[in-house]
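Thanks for making the time this morning.

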Amino acid sequence: MKLLELQATLKQQEIDLLLLIHPDFNINYLAGVQSSFSILQITQTSSTILLSALDNLPLGHKIQTKVYKKTYKDDIKEQLKSVDSPKIAINKSAISVKQFESLEKEFPTTKWIDLSKELEELRLTKTENELKIMFKAAKIVDSALANFTKAYKRSNGKEFETELD
């Protein structure tokens, strides 16, 4: 599972927390959650997704889900209260300057690590399940294209009705 690979990277680099902030697409990739706004927090041993009260909490997921009450920064403070100078990783390619500056101001003793390269490399290799999904999608596209080609040939190049008509 990709989450375990990522947690091994955090452990190897001695990173206390990986913080992925919406609209980072890695949130959906790692947690399988599409939301109006979310924060994915991954430590060396656990992961939590903070969701808005407007979003449905996913059921039966391996990632702990919470609705944030005030701001996600309060939850980060709670999670890192026993760490004097935390190392927090972020995806600099997906976080806005304003968000990052706000985090720097809120957590002045934090050492910030850019994990964007590692996240990209993680997505490049595919799991067995991801490959199955990709092959299934390719079969659907092949079938649709074959059906379109047959219909086009039957029409002798003239307009023809489709299922959408």
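The chain has a radius of gyration of 21 Å, whereas a compact globule of 165 residues would have one near 15 Å; the radius is taken over C-alpha atoms, and the globule rule is 2.2 Å times the number of residues to the power 0.38. Taken along the principal axes, the box that the C-alpha atoms fill is roughly 75 × 35 × 35 Å.

A word of care: this is a predicted model, in which local features need pLDDT of at least 70 and side-chain atom pairs count only at pLDDT 80 or more, while totals for chains, interfaces and linings use all residues. Residues are numbered from 1 along each chain as its sequence is written, and side-chain values use heavy atoms, with hydrogens and water left out.

The chain comes to 6 helices and 6 strands, where helices (H or I, at least four residues) and strands (E, at least two) are DSSP runs numbered from the N terminus.

Now to the rings, which pair if the centres of Phe, Tyr or Trp rings (for Trp, the six-membered one) lie within 6.5 Å, with planes under 30 degrees apart counted as stacked, over 60 as edge-to-face and the rest as tilted. By this rule there is 1 aromatic pair: the ring centres of Phe100 and Trp112 are 5.5 Å apart and the planes stand at 80 degrees, so the pair is edge-to-face. Phe100 belongs to helix α4 (residues 97-106) and Trp112 to strand β6 (residues 111-114), 12 residues apart. Both Phe100 and Trp112 are buried, meaning under 20% relative accessible area, where exposed is over 50% and partly exposed lies in between (1.4 Å probe, protein chains only).
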